[in-house]
Amino acid sequence: MLGLYVHIPFCRHKCLYCDFPSYSGLERYLEGYVPALCRDIAASPYAGQKADTIYIGGGTPSILSAKDVGDILLQLRQTFEVTADAEITIEANPESLDGEKAAAYVSYGINRLSLGIQSFSDRMLSFLGRIHTAKEGERALRAAWDAGIHNLSLDLMYGLPGQTVSDVMEDVQRLGDLPVDHASIYSLIVEDGTPLKHGLSKGLWTLPEDEAVEAMGQAIHDQMHGLGFHHYEISSYAKGPFESKHNSKYWTYEPYIGFGVSAHSFDGTARWANMANIPRYIQKAGRDSVEGERVLIDDKRAVEDYCFLALRRRVGIDKGDYARRFGRPIEADFGSVIDGLAAQGLLEATKERVRLSDKGLSYGNYVFGKFIR
Amino acid sequence: MSTDHIRNFSIIAHIDHGKSTLADRMLEMTGTVPEREMEAQLLDTMDLERERGITIKAQSARLIYDAKDGKQYTLNLIDTPGHVDFNYEVSRSLAACEGALLIVDATQGVEAQTLANVYLALEHDLEIIPIINKVDLPSADPDRVCKEIEDVIGLDASDAIMISAKTGLGVDAVLEAIVQRIPAPADEEDKPLRALIFDSHFDAYKGAIANIRIMEGSLKPGQRIRMMASGKEFEVIETGVFLPQMHPVPSLGCGSVGYLAASMKNVRDCRVGDTVTLAERPASEALPGYRRAVPMVYCGLYPVETNDYDNLRDALEKLHLNDAALLFEPETSSALGFGFRCGFLGLLHMDVVRERLEREYDLSLITTAPSVIYRVYCTDGTMVEVDNPSQMPDMTKVDHIEEPLVKTTIIIPKDMVGTVMEISQSRRGQYVTMDYLDDTRVSLVYNLPLCEILYDYFDVLKSATRGYASLDYELNGYQSSPMVKMDILINGDVVDALSVIVHRDFAARRGRALVEKLRSLIPRQLFQIPVQAAVGNKIIARENVAALRKDVLAKCYGGDISRKRKLLEKQKEGKKRMKQFGTVEIPQEAFMAVLKVDES
């Protein structure tokens with residue numbers, strides 16, 4: 001079944017580290033963007049197919065009015081056969097979420113919310129260029145809960161300048177006190193072209209040593225386990241059944257279709273991204289193709305992608321699924337790779353599955369690289 | 001037939017001074033090659049030659065020229081290789097001529113390589129015609145360059161010809177001067193055949209082809225010939241001339257330049273410098289100057305993929321057909337598996353062979369650091385020649401070691417003398433002489449150990465002089481030196497392919513620089529990897545390749561997995577040409593690192 005992704009490329013303020021397709025100061029396009037999205041969705045060649053996840057991401061989707069969100073969801077339901085039990089997620093930032101808006105989300109069928117908290121330290125938040133405080137973050141989260149969204153996720157970042165292991169543990173503790181069942185926890189990555197990179201090169205800030213960042217990652221892992229979270233994917237934790245069904249589609253080679261600028265899609269045979277230019281998208285959506293170049297996934301790339309994506313999840317690769325999809329056992333393609341990595345204690349292979357070991361979880365990129373031939 | 005109408009000449013020039021361009025213009029202006037078929041630098045046939053702007057294989061061309069005196073002349077151009085590695089080939093090409101064009105760039109002046117070749121030409125009593133090229137360039141200074149030719153070489157440059165090979169300016173005067181100033185070959189048609197082999201190449205249909213100059217006598221198909229050095233005999237199948245492609249002719253008369261094909265299986269049947277005579281009526285003496293091409297530099301060549309071994313052998317055999325100077329024999333390394341020890345005339349020759357193997361035969365290779373030949377005198381009175389550090393006898397059994405020296409001539413602007421002396425002395429050079437070429441340029445002569453030239457002398461010299469230095473060298477005997485074998489241990493094990501022979505006093509410094517370099521080249525693995533340099537049992541340097549860092553967790557937004565994949569592909573890119581050594585992966589560059597360390 002399809003996953004549907006909708007991209008909202010607007011932010012009130014662009015964060016220091018962000019190199020994702022999101023823009024501040026382009027709000028004048030907001031008015032035209034939502035109708036364009038609806039046209040884009042309505043014209044989808046995949047119309048009529050069943051979908052069991054919807055994810056409205058960004059950017060900052062909560063910057064939209066509740067009505068806009070309602071219109072988008074309505075269009076999705078009109079175009080696709082969205083299942084009754086579909087997971088419908090929206091990303092929100094604390095400064096643009098209140099109880100009223102959250103209640104409206106619930107009325108449209110939204111049943112999952114991911115809040116971009118990033119940190120519970122006001123010092124860190126202001127460094128990152130976030131425009132909310134720790135208190136506002138907690139307030140927004142409780143508002144969502146009170147409105148009836150009981151599948152809540154948080155984003156947290158670590159490895160920030162001036163941050164220590166105990167700061168990070170404090171963040172996790174605060175997370176534990178909130179009604180949260182899912183968290184995406186990732187480290188600050190310095191991307192080219194960001195103000196972060198520029199400032200670091202000028203010596204404005206200093207990142208913590210690699211060893212310290214490693215220690216933070218380990219501390220988070222241990223503490224999250226203590227709180228009852230399960231490290232089900234390299235950068236995601238969940239309690240019980242609260243794994244993100246939509247994100248899991250990315251890792252399990254399931255199809256997903258993206259709408260909006262720079263949205264990514266995979267239909268099982270090709271991957272593509274939409275155009276990035278907002279005015280042009282508004283002009284073309286529903287009338288002309290808004291897709292960028294399609295990359296056809298040949299057999300070689302398919303098995304590579306399948307493995308490195310599946311291994312991101314702790315349950316790893318289902319050998320039976322592999323054989324069904326590709327018509328041969330995984331050992332025919334990666335037997336010696338798996339043996340080598342297992343010998344190094346990075347993979348665990350059973351009759352049914354191949355998965356990262358506890359040690360392998362820390363060296364994912366090394367392991368994944370071995371599957372790229 | 002008389003030889004009056006024949007002129008045989010070569011062109012002497014430094015790289016980029018315009019040799020190939022002038023040759024092209026002469027081919028064009030004599031109608032030898034119609035303009036529409038003209039391809040730039042026609043005589044450099046290999047892609048590599050065109051790319052690098054150097055001539056590796058000598059090429060010849062016959063030009064038919066209608067001179068101003070109303071007569072028609074046959075001008076034989078013998079193009080010569082332009083690099084110190086091929087000095088011997090140059091000397092044979094010059095021996096096949098009566099004259100030479102000396103091309104000097106009007107914006108640059110005389111360079112070391114030019115000088116070396118002019119001296120060679122003078123040794124062969126060639127008539128030399130100085131030509132100043134690129135006079136059309138704004139920075140041209142023909143007067144200064146003429147004066148330099150007079151002062152440095154001692155040639156009368158008053159009748160030097162001013163040309164621009166690029167535009168064709170003055171090229172007619174060059175053709176006329178060849179006729180007027182270069183003597184015709186001596187007419188010795190009646191004597192027994194003596195033909196000089198000045199080059200050879202392999203033709204898939206005709207076998208080895210010898211490029212020859214008939215010094216005495218004449219030659220035609222059907223005759224039985226004898227190679228005077230090897231004693232081998234063959235029946236001539238075809239004689240011909242170069243237009244510049246091969247063109248059969250019924251016979252080659254005295255004084256002429258052409259080729260012979262005689263069903264020879266490989267180029268070693270017709271070695272450069274050998275004399276061809278007739279089996280039935282042999283000459284009593286061979287032409288002077290023959291010697292076998294001797295490799296000066298050795299290295300190991302190993303396939304990255306072990307199952308490419310047979311392909312590498314086949315490729316080497318094919319190149320060998322056409323390259324008498326290339327030696328190879330199988331060797332085994334515990335680190336690299338099965339490969340070949342190969343001998344070359346010099347570094348350029350080595351580079352060219354390696355590149356051709358990779359490009360023309362699509363092989364991925366690991367090259368070990370080049371080594372010179374050491375004469376190792378053992379305590380039991382025997383001497384062994386060692387061209388591979390891993391073959392070095394146990395040091396307790398070694399009495400002393402001799403290493404090859406080269407006499408090195410370096411031409412530089414005078415304000416760089418201090419720098420170059422320092423570089424030369426720090427690499428164990430012994431000062432020989434210094435001459436002022438003119439007010440601004442100096443020729444320095446040093447005796448240097450050849451291994452220092454291979455190590456980094458070229459590169460350091462080039463960068464320290466910002467490319468202004470030109471350099472030439474020739475083998476100049478052996479000297480006894482306190483050389484030691486330095487081993488490299490990775491993760492506690494000696495990697496035989498990384499061993500080097502160094503001067504005792506340099507071992508510590510080079511060891512440190514080398515392990516430092518290796519540390520940066522060896523990719524991190526799950527555990528820390530010690531990298532050590534050792535002489536005998538003594539560890540003289542150590543570095544650690546730190547263990548792999550744990551991943552940082554990165555967010556994956558909106559299903560953009562191409563970003564993740566690109567990261568992994570980039571990571572993979574850096575891991576090409578890895579050789580598994582025990583539990584450690586060693587990249588190809590590591591084996592060449594020995595040559596490219598920065599000691600400063």
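Two residues are in contact when heavy atoms lie within 4.5 Å. The legends below use this term for a predicted model.

**View 1. The interface of chain B and chain A.** On one side, 26 residues of chain B are in contact, and on the other, 45 residues of chain A. The size of an interface is often given as the accessible area lost when the parts come together. For chain B and chain A the buried area is about 3500 Å², and carbon and sulfur atoms account for 57% of it.

View 2. Eight salt bridges are counted between chain B and chain A. One of them joins Glu211(A) to Arg549(B), with the closest N and O atoms 3.5 Å apart. Helix H12 of chain B, residues 561–573, supplies 10 residues, the largest share of the side of chain B that touches chain A. By class, this side of chain B holds 12 charged, 10 nonpolar and four polar residues. Nine residue pairs are in polar contact across the interface of chain B and chain A, counting pairs with both residues at pLDDT 80 or more.

**View 3. The aromatic pair Tyr309(B) and Phe338(B).** Over all chains the count is 22 aromatic pairs. A pair of aromatic rings is described by the distance of the centres and the angle of the planes. For Tyr309(B) and Phe338(B) the centres are 6.0 Å apart and the planes stand at 65 degrees; the pair is edge-to-face because this angle is over 60. Tyr309(B) belongs to helix H7 (residues 309–321) of chain B and Phe338(B) to strand E17 (residues 337–344) of chain B, so the pair ties together parts that are 29 residues apart in sequence. Tyr309(B) has a relative accessible area of 18% and counts as buried, whereas Phe338(B), at 55%, counts as exposed.

**View 4. The aromatic pair Tyr431(B) and Tyr446(B).** The ring centres of Tyr431(B) and Tyr446(B) are 5.8 Å apart and their planes are at 80 degrees, so this pair is edge-to-face. Tyr431(B) sits in strand E22 (residues 430–436) of chain B and Tyr446(B) in strand E23 (residues 441–449) of chain B, so parts 15 residues apart in sequence are tied together. Tyr431(B) is partly exposed, with a relative accessibility of 40%. Tyr446(B) is buried, with a relative accessible area of 0%.

**View 5. An aromatic cluster in chain A.** One aromatic cluster is formed by Tyr250(A), Trp251(A), Tyr253(A), Tyr256(A), Phe266(A), Tyr306(A), Tyr322(A) and Phe326(A).

Methods:
Residues numbered from 1 in each chain as written. Chains lettered and ligands numbered in written order. Predicted model: local features only at pLDDT ≥ 70, side-chain atom pairs only at ≥ 80, totals over all residues. Heavy atoms only, no water. Buried area = accessible area lost by both parts, 1.4 Å probe. Salt bridge = Lys/Arg side-chain N within 4 Å of Asp/Glu carboxyl O. Polar contact = N/O pair within 3.5 Å; in protein donor to acceptor, adjacent residues only side chain to side chain. Helix = DSSP H or I, 4+ residues; strand = E, 2+ residues; numbered from the N terminus. Nonpolar A, V, L, I, M, F, W, Y, C, P; charged D, E, K, R; others polar. Phe/Tyr/Trp six-rings, centres within 6.5 Å; stacked < 30°, edge-to-face > 60°. Buried < 20%, exposed > 50% of the residue type's maximum accessible area, 1.4 Å probe, protein only.
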